[in-house]
Amino acid sequence: MRRSRPDNAPEALRQSLVELLTNFAEELRKSDLRAKVIALVPAFHKLRDLGSSLIPKDEASSARERVIAYFRRYPRTVINGDELMVVSGIAEWARRVRELRVQFGWLIYSGMTFKDMAEDATAAEDAEETASLEAALGIHPSKIKPDQYVLMREEQDRHAAHRWNVLNEVRRKKVSVTDKIIEYFRKNVGEEITGEELKYLAKDKKEWARRVRELRTQQGWPIVTKNSGRDDLAIGVYVLEEDRQTFEHDRTIPDAVRVAVLQRDGFKCVKCGWNRSMLSPDDPRKMLELHHVRHHKDKGENTVDNLITLCNVHHDEEHRHRKS
Ligand SMILES: [Zn+2]
Ligand SMILES: [Zn+2]
């Protein structure tokens, strides 16, 4: 049953709650259990109304709007589920959080997902990623509890509603988690995909974080993150920049080396000066790649000195010259 929230100011609600509880003292002294329960019901409703009155109606008129209004007041802050229960004024607040995330495109991370990311970063000895999660949150990601949430980005992703359909379609397939993840990425080239979507795709199996890492570092899919040279992205966002795998010899370059090379070259192709701000539909240049000056097979190493930044067009050209 939906009850509409009375238009009372919080103070009026507080006073009538106090009154209800005062009257309840008399009920408590009686022996009939059912009478006590029934007498307490209005106090429960009143308390809920008080919680949802804390955010004014003209700012947010539904439970879902109150939840996102609260998150937006405290971005990049760890919020307890219980706080959302108070401001939303409903028992099913967790469902509203899920809708805000997957259908409305708000980047709200749950403690569970952060834990998966932190465990994977630790297992892969990726200290950079762990440190950047910690810096963004002010708390080590592994210390976040499952029923805690963080709004990581203040802007809404308008494409999320469309992706939601694709996400469910791929999720139902009877293929491996890795196959689902790469298929979903390839259907959303250039889109900002969240760890929450990937976790959902993997049916909550925590291997999703490791699988993304493998696709990126072993299979050469250009999946970029904040820590691998795309500083403009929010933490916990992944983008497949182009629908192609990088040349075998250019894979497995550590992220720290990758970022150092990009920085040295000013995040642009050393041949033509192309950078991401020049991205346009009728230009074949789509992304920046790293290329070994001295090839791997000729003992070229993954060092800053042996790597240069090229756009995909000049990278292809370079390889046609070398026939490798
Ligand atoms: Zn170029
Ligand atoms: Zn190359």
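This is a predicted model: local features need pLDDT of at least 70, side-chain atom pairs count only at pLDDT 80 or more; totals for chains, interfaces and linings use all residues.
Residues are numbered from 1 along each chain as its sequence is written, and chains are lettered from A and ligands numbered from 1 in the order in which they are written.

Student: How many residues of domain 2 are in contact with domain 1?
Tutor: Contact requires C-beta atoms, placed from the backbone, to lie within 7 Å. On the domain 1 side, four residues take part, and the number in domain 2 is five.

Student: Are α8 and α9 roughly parallel or roughly antiparallel to each other?
Tutor: Helices are DSSP runs of H or I with at least four residues, strands are runs of E with at least two, and both are numbered from the N terminus. Axes are lines fitted to C-alpha atoms, for helices over the stretch in contact, with angles from 0 to 180 degrees between N-to-C directions; helix α8 (residues 160-171) and helix α9 (residues 177-186) pack at about 150°, their axes 10 Å apart. Angles under 35 degrees count as roughly parallel, over 145 as roughly antiparallel, 65 to 115 as roughly perpendicular and the rest as oblique. The two helices are therefore roughly antiparallel.

Student: Which residues in α9 do Val 166, Leu 167, Val 170 and Arg 171 in α8 meet?
Tutor: These four residues belong to the α8 side of the contact. Their counterparts in α9 are Lys 180, Glu 183 and Tyr 184.

Student: Which strands stand at the edges of the sheet, each with a single partner strand?
Tutor: Two strands pair if DSSP finds at least two bridges between them; β6 (residues 237-240) is joined by two bridges to β4 (residues 193-194), and also by two to β5 (residues 223-224). The open sheet has the order β4-β6-β5, with antiparallel pairing. One side of each edge strand is left without a neighbour in the sheet, so the strands in question are β4 and β5.

Student: What is the bridge partner of Ile 223 in β6?
Tutor: Elsewhere in β6, Val 237 is the bridge partner of Thr 194. For Ile 223, the partner in β6 is Leu 240.

Methods
Two residues are in contact if their C-beta atoms, placed from the backbone, lie within 7 Å.
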